[in-house]
Amino acid sequence: MANHHKYTTSGVFIDPSTDPGFKILFGRESSADILIDLLNSILETEDDPITNVTYLDKEHTKQASSERTMAFDIHCVTDNGKRFIVEMQNISQEWFIERCLMYGSRAITAQSKSGKWDYHYMPVISIAFTNFTIPRFEGQVIADGSIIDRHSGKQITDRLRLIFIQLPQFNKMNPEECKNALDEWIYTIKNMKNMENIPFIAKRPIFKKVEELAKMENLSPDERFEYEKQLKAYWDYYSTMKFARKEGLAQGRAEGRAEGRAEGLAQGRAEGITEGEEKKAREIAKRLKESKTLSLEEIAAISQLPLELIALL
């Protein structure tokens, strides 16, 4: 059958710093060894390296009518029972850390058992790559948090851990500057869209598979069409949200000046941004739903709106 797909992206490789590209590289069963290498590079100081992962259902249904359904980018479990949530986030959110905390908590409560149970559940590690800088982590490439005692600094529990890897804070400009496996991964994820070949293959064979999997020419026509469809929807949303944020900021400033009070300016700015973003998110989600090009789960992942709300649009 002839290929009638019209491709719009250029370049040798997919862009794993976007949500669709990240899922191609790390979110498939055939990519398990690549995901394992990434996870081990992040947890390189630990004594128990990961040797196998099983991909779990990405969608966590609500456990009560008042809760929202959550869709994870990548959700997997290791042979020793540790659970990982791995995602790529391009659009900053005011409560992004709290969002990661809630997602991690849901992966914990999903392990609960009915009847007699001693509350023994396995650790959950949330790893978020961000294409923006979280203000409180300015100057850090990696922020790695767990629940600790504020007095002694000792860890209270290892059952929940949040790791943030901030691509804009990674400033190594060439492969020779990379000092360890995690440097190599961050460099590759951040720069792959502009590469003509993948570095590090000579010393780390896993990158040969990365090169094969990430080449545009190795995607089937349907895979490439799906990738470009999701990528276009993703960047349309990203651009619109940036405009909404700018528009909301301008409106907030105007309202603040009109009131002539510093608190009016601050409140107007915050409310303008929040209301503008939510309104635009709903509009975009509705258009995506009407186009019937993406599933409801994909629209939820892109828009960060609850699945239940999208179903009602």
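At roughly what angle do the axes of helix H2 and helix H4 cross? The axes of H2 (residues 32-42) and H4 (residues 181-191) cross at roughly 125 degrees and come within 8 Å. Here, axes are lines fitted to C-alpha atoms, for helices over the stretch in contact, with angles from 0 to 180 degrees between N-to-C directions. Helices are DSSP runs (H or I, at least four residues), numbered from the N terminus.

This is a predicted model, where local features need pLDDT of at least 70, side-chain atom pairs need 80 or more, and totals for chains, interfaces and linings use all residues. Residues are numbered from 1 along each chain, and side-chain values use heavy atoms, leaving out hydrogens and water.

On the H2 side, Ile34, Asp37, Leu38, Ser41 and Ile42 make the contact, and on the H4 side Ala181, Leu182 and Trp185 do. Contact means heavy atoms within 4.5 Å.

Now for Gly104, which sits in helix H3 (residues 96-109). Leaving aside neighbours within four places in sequence, Gly104 touches Ile85, Val124 and Leu160. Leu160 is 56 residues away along the chain, yet its C-alpha atom lies 7.0 Å from that of Gly104.

Gly104 is also buried, meaning under 20% relative accessible area (1.4 Å probe, protein chains only).

| Residue | Relative accessible area |
|---|---|
| Cys76 | 0% |
| Cys100 | 1% |
| Gly104 | 0% |

As for disulfides (cysteine sulfur pairs within 2.5 Å), the structure holds 0.

Notes
Buried < 20%, exposed > 50% of the residue type's maximum accessible area, 1.4 Å probe, protein only. Helix = DSSP H or I, 4+ residues; strand = E, 2+ residues; numbered from the N terminus.
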